[in-house]
Every structure is written in structure tokens, then in C-alpha cells.
Amino acid sequence: MSQVMSFIEMRDFLAEQFPQGDQYGVLEALGGGWSEMRLPIDEQHLRPGGTVSGPAMMALADVAMYAALLSKIGPVALAVTTNLNINFLRKPKANMDIVARAEILKVGKRLGVGEVYISSRGEDDPVAHVTLTYSIPEH
């Protein structure tokens with residue numbers, strides 16, 4: 001897929017349009033229809049039992065997919081999540097950042113569909129698999 005927004009353009013766009021997004025993940029890489037984001041784990045992201053909370057992983061997946069979609073369609077600030085499904089596959093390591101790799105599967109005029117794999121940084125096996133659908137407004 002071709003890339004419409006560069007890494008720097010995306011980073012600047014997210015900082016301007018979605019400044020609270022930093023608490024959900026940091027953009028690490030971007031391509032045409034894909035992104036990689038990392039969430040530095042600290043106490044606010046943990047739940048009892050020494051694991052990363054589900055809401056922290058869902059937020060990371062959502063922002064990663066937003067970046068992947070915009071890399072393909074351009075700076076459409078009002079693209080919004082219409083569906084998010086997550087399967088928790090294994091317990092993430094509480095003392096490691098988590099990384100999300102998002103990839104667009106299909107982009108149409110009104111909807112974008114993609115998937116995200118989340119893993120503990122440095123680990124091969126995913127801790128979660130997420131599918132998302134975004135609504136794309138007229139632009």
C-alpha cells in the first residue's frame with residue numbers, strides 16, 4: 001500500500017489533533033497501511049496479578065490502527081472506531097513495554113478494517129490479537 005503521511009507528519013498530526021494519545025502509546029514506525037507503537041508500562045497500566053490491563057492494550061491497539069489508517073488515507077481527524085474485538089492470548093510481562101503492530105486489511109470509501117498484534121517488547125509470541133473497523137467521514 002502506498003504511504004500518504006510520513007512518520008514525521010503523523011507524529012506531528014497526532015501531537016496536534018490527539019495530544020492525549022501519548023498516554024496510549026508512542027509511534028515507533030510507520031508505513032503505507034501499517035504502524036508500530038509502543039506503550040511504556042508503569043504502575044497505571046497494571047492490574048492485580050502482575051499483568052497489563054486489558055484497557056491499556058485496547059487503547060494501544062486503537063491508536064496504532066488510527067495511525068495505520070491515516071498513513072493510507074491522510075490526515076482525517078474524524079475517522080473513528082466503530083468496532084474493536086480483542087482476544088487476549090497470554091499474560092503480558094508486567095516489567096516490559098508492550099508493542100503493537102497494526103496493519104490495514106481493507107480501506108473503502110466509508111470503512112477501514114485492520115488487525116493488530118500486541119506483544120511484550122522483545123518477545124515473539126503475541127499477547128493479544130485485535131480486529132478493528134474505523135468509520136471514515138467524507139473528506
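The model is predicted, so I kept local features to pLDDT of at least 70 and side-chain atom pairs to pLDDT 80 or more, while totals for chains, interfaces and linings use all residues. I number residues from 1 along each chain as its sequence is written, and side-chain values use heavy atoms, with hydrogens and water left out.

**Salt bridges.** I found seven in the structure. Arg 101 forms one with Glu 36, with the closest N and O atoms 3.0 Å apart. That pair links distant parts of the chain, 65 residues apart: Arg 101 sits in strand β6 (residues 98-107) and Glu 36 in strand β2 (residues 34-39). Strands here are DSSP runs (E, at least two residues), numbered from the N terminus.

I also looked up Arg 110, which forms a salt bridge with Glu 138 at 3.3 Å between the closest N and O atoms. Arg 110 lies in the loop between β6 and β7 and Glu 138 in the segment after β8, so the pair ties together parts 28 residues apart in sequence.

**Strand β8.** I count strands as paired if DSSP finds at least two bridges between them. β5 (residues 80-88) pairs with β8 in the antiparallel sense over eight bridges, and Phe 88 stands opposite Ala 128.

Definitions and conventions
Helices (H or I, at least four residues) and strands (E, at least two) are DSSP runs, numbered from the N terminus. A salt bridge is a side-chain nitrogen of Lys or Arg within 4 Å of a carboxyl oxygen of Asp or Glu.
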